[in-house]
Amino acid sequence: MDPSLLLVLSNLLHLQNHLDNPSTTSLLSSSSPSSTSSSAAPLLFFALASALSYASSSLLRHPRPSSPPSHSHHHPLLRSLPRDDSLFRRSFGLSFPVFSTLLDHLHPHLSRLSLPVPSDLALSISLSRLHLGLSPISLSRHHHLHPYLISKITNSVTRLLSTNLYPDYVKIPAGHRLLHTVHSFKDLSGGLSNICGAIDGSPIKIKLPSSTTAASAAAFRSRHGGHPAVLLQAVADHRAIFWDVCIRAPGSSDDASHLRESALYGRLTAGEILQDAVITVRGHHVRPYLVGDWCYPLMSFLLTPFTPNGTGTPARNRFDEALMRAREVSVVRAIGLLKARWGILRKGLNVGLDHAPQTVAACCVLHNMCQVAGEPEPEGGPWREPEESGTPARALESEKSFCFFGERLRQALADDLQEKQQRVR
């Protein structure tokens, strides 16, 4: 047995024997202070000293880990926060259970970084900034940290979200998930077969540095509103969950050009994805396809409305209504919820331009986590984007074959939808 522990037990035993002695008891209960100090106090002093000696030697032999293995050892500030989900969402944009899951994912990575705060506090600072759209200066006053450190913490968290967690939470549907998606879209759209997602673009406000040239500023000026922006391209499923996002174009780009620059376009044109769940409609083989508005070119894997203003035949108008309904309940709602939850996307990205793509992608990952967890809509509902306007996109020469098959598939699906609806009547 450890000698220090033996010393503790010995002195405590002597103290107990002394206190059990009747004469000692009378002394302790006596009103004479001198008698007490001359009898029990020395033994009590040596017992306490021995205990402290043992505790310090034990701590030296078994030091506590410098970083906690999990979020069970929270920073005192975080432990003091309310566990009420509604209050938690007002500060961080998500509930405490989702926060805990997120911390479990990120802690092993954050603990290896040279951040000046514990992992849970780093995450709470980052979520506050993303949710409330606060500047580093505003947060530095609250947390008594330099604005540079606030920026470093946020950039570290968003980088981890957009790289390490992205593959787990932003996935192209396949197998049973793809089948479930196309069946759900059929119900939501009112009968259109084999939709697997809807695509749309959305400008995200940014703040350009003062050193930006006039030419660069013009390139980032949004086509919708005129403010500096980067363009988010998002594909969402029937649950308003993103399964692909791309942030590569400045605000002056159009949706069609952004699509052609994305990795998704390359995989679609090469036939690398969405090859399962092929069906036959009026003699045409229809693989799962995306739907988009008239800002996108018509192709075999991306179907768009016949007309932007409902001036087609009854069959074509029904198809357009069903297609736009599918788009509304999926990608339009997803982008609206994304911007409603993460105010930094509405108020303007107060991050460096080189950190803008990872910040937007990180918010998309957080959005998906909230949707998977069944988080309620933010107060006020989804953010509403201004209505888009412009001329319909045209296919490039290299896309002529995709456009040709897209026209045939779209007409077959429109005729099939009309026949189904007439049969129901």
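Predicted model: local features only at pLDDT ≥ 70, side-chain atom pairs only at ≥ 80, totals over all residues.
Buried, in what follows, means under 20% relative accessible area.

I start with the serine. S140 sits in helix α8, which covers residues 136-143. Is S140 buried or exposed? Its relative accessible area is 9%. The cut-off for buried is under 20%, so S140 is buried.

What does S140 touch, once its neighbours within four places in sequence are set aside? The contacts are L145, H146, P147 and I150. Take I150 from that list.

Next, the aromatic rings. There are 8 aromatic pairs in the count. One of them joins F88 and F96: the ring centres are 5.3 Å apart and the planes stand at 85°. An angle over 60 degrees counts as edge-to-face, so that is the class of the F88 and F96 pair. F96 also pairs with F99, and here the arrangement is stacked, with 6.3 Å from centre to centre and 15° between the planes.

How far apart are F96 and F99 along helix α6? That helix runs over residues 96-110, and the two residues are 3 apart in it, so about one helical turn separates them.

As for accessibility, F88 has a relative value of 1% and is therefore buried. F96, at 15%, falls under the cut-off too and counts as buried. F99 comes out at 0%, which again means buried.

R410 lies over F306, and the distance to the ring centre is 4.2 Å.

Last, the cysteines. How many disulfides does a search of the whole structure find? The search returns 0. A disulfide would be a covalent bond between the sulfur atoms of two cysteines. C196 has 0% relative accessibility and so counts as buried. C246 has a relative accessible area of 7%, so C246 is buried as well.

How values were computed
Residues numbered from 1 in each chain as written. Heavy atoms only, no water. Helix = DSSP H or I, 4+ residues; strand = E, 2+ residues; numbered from the N terminus. Buried < 20%, exposed > 50% of the residue type's maximum accessible area, 1.4 Å probe, protein only. Contact = heavy atoms within 4.5 Å. Phe/Tyr/Trp six-rings, centres within 6.5 Å; stacked < 30°, edge-to-face > 60°. Lys NZ or Arg CZ within 6 Å of the ring centre and 35° of its normal. Disulfide = S-S within 2.5 Å.
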